[in-house]
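Open the model in your viewer and keep the selection panel at hand. The tour goes stop by stop.

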Amino acid sequence: MRVVPGEWAASVVRFVRKRREPVVVQSLRSAAAATIAYVVALRFSPEAAPLTAPLTALLVVQVTLYATITTGIRRVNSVVTGVVIAIGFSVLVGLTWWSLGLIILASLAVGHLVRVSEFVPEVAISAMLVLGVTRVGDTAWARVLETLIGAVVGLAFNLLLAPPVWVDAAGESIEGLARRVRQLMLRMGEEAAGRTPVDHATARLHEARRLDHDIVEVDAALKQAEDSLRLNPRVREGLLHRVVLRTGLDTLEICTVVLRVLARSLTDLAKEREPERLFAPETGAALERLLAEIADAVVSFAVLVTTDVSVSAESAENRLATELQAATATRDKLAQLLLAEIQQDAGQWQLHGAVLTEVNRILDELDTEHRSRRLLEELDRCTREERERMPWVTRLGTYMRHVRVPGRNHKAVSRRSM
């Protein structure tokens, strides 16, 4: 089989890109940590197959650096507790159907006593695994040594080789949500411009409600990205990245809620006016154009909050500002047309007013000045909470800024005076 140079180059590029994917990186890190832990345990453990060490390393290295530091102790504690419980059972009874039930019950109870929080099930899991491979009491204590080896290797991997950053995956999720919102807005605008059957309007309402499930999925991806940014030496301004993404998702969530209310208003209006048009032809066309412009602005907003490079962010912000300006002008025209309709027929003035109020709310949420103000408020709040939660970090930073290291202060002063 002959390999074409172009195809070979493309394969290399795809392989390099895959290696940069967080899932691939995390898998490689986990496999490497488990292997190294096993090799180290072979030298120090009396067991012929010290599998507890790679198991523990695999459990520890599967988390972000922030989770390692904040919850690593509880994870190791849960594993060691399970190992100790299994040692006792292996010395007394070994593995039987009734001893398995007892060890699970005892592990869960002890897990709550030693306060390992969310890792209580891991106490039972570790105990069962160790009991399954530990039958001789003389060699059971080697499992504690293997657990410590695996924990040290896993922690070292997360400290020396920082876990992958999941920001790109979270950004793709946010942009995907924004594009789904855009598609729904476009469909709502097209239907509002003509004679909308009630079942069509109801279908759009159900679509808007289903966006709640999408937000839950995006929120889970964002939480993973936030954890990967905390205390990660490969990331600068991690707090800023977290706040930008979180406030961006909050804004999109508010927009989806308002969009659901808008769909409810259009559904009620369709019930009131069926089989007539929802709006006069000119008013319907203005509403369709306005929803299309807002839909484009939603996507631009998502691109803005997920963009790292300053040049690209500036371009996205300018595009968003232009789209919001056009949407605002269309909104003003729509307000005049709705007012004219209400003056001729005041029967549905409440629903017409609700439609205008809801599009106004979305525009306000996407406004760049509102966005900047909210971002600064959230940054101040997060910084204040971190200082209150970890005052020793603030004191250490203050101390380091006031330390005068001989031979360096003169250079620093010289650089500032240049």
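What follows is a walk through helices, salt bridges and nonpolar cores.

This is a predicted model: local features need pLDDT of at least 70, side-chain atom pairs count only at pLDDT 80 or more, and totals for chains, interfaces and linings use all residues. Residues are numbered from 1 along each chain as its sequence is written, and side-chain values use heavy atoms, with hydrogens and water left out.

**Stop 1: a helix pair**

Select helix α9 (residues 167-192) and helix α12 (residues 281-305). Helices here are DSSP runs (H or I, at least four residues), numbered from the N terminus. The axes of α9 and α12 come within 8 Å and cross at roughly 175°. Axes are lines fitted to C-alpha atoms over the stretch in contact, with angles from 0 to 180 degrees between N-to-C directions. α9 is therefore roughly antiparallel to α12 (the label applies to angles over 145 degrees). Now colour the contact by class: α9 with α12 has 17 nonpolar, 2 polar and 6 charged residues. Nonpolar covers Ala, Val, Leu, Ile, Met, Phe, Trp, Tyr, Cys and Pro; charged covers Asp, Glu, Lys and Arg; the others, Gly among them, are polar.

**Stop 2: salt bridges**

How many salt bridges does a search of the whole structure find? The search finds 13. Each is a side-chain nitrogen of Lys or Arg within 4 Å of a carboxyl oxygen of Asp or Glu.

Stay on the helix pair and select D296 and R182. Their closest N and O atoms are 2.8 Å apart. D296 sits in α12 and R182 in α9, 114 residues apart. D296 counts as partly exposed because its relative accessibility is 30%. R182, at 25%, is partly exposed. The classes are buried (under 20% relative accessible area), exposed (over 50%) and partly exposed in between, with a 1.4 Å probe and protein chains only.

Next, select E207 and R187. This salt bridge has its closest N and O atoms 2.5 Å apart. E207 lies in helix α10 (residues 198-229), R187 in α9, 20 residues apart. Is E207 buried or exposed? E207 is buried, at 17%, while R187 is partly exposed at 32%.

Move to R246 and D219. Their side chains meet at 2.6 Å, N to O. R246 is in helix α11 (residues 238-273) and D219 in α10, 27 residues apart. Both R246 and D219 are buried.

**Stop 3: the cores**

Select F279, I294 and L366. Of the 65 residues in the largest nonpolar core, these touch the most other members. A nonpolar core is a set of buried Ala, Val, Leu, Ile, Met, Phe, Trp, Tyr and Cys residues joined through side-chain atoms within 4.5 Å. Which helix gives the most to this core? That is α12, with 14 residues.

Zoom in on F279. Leaving out residues up to four places away in sequence, F279 touches A192, L266 and L338, among others. Contact means heavy atoms within 4.5 Å. A second, separate core has 10 residues, including A86, F89, I103 and V116.

**Stop 4: N77**

Finish at N77 in helix α4 (residues 65-92). N77 is partly exposed, at 30% relative accessibility. Beyond its neighbours within four places in sequence, N77 is in contact with V114 and V116.

Terms used:
Helices (H or I, at least four residues) and strands (E, at least two) are DSSP runs, numbered from the N terminus. Angles under 35 degrees count as roughly parallel, over 145 as roughly antiparallel, 65 to 115 as roughly perpendicular and the rest as oblique.
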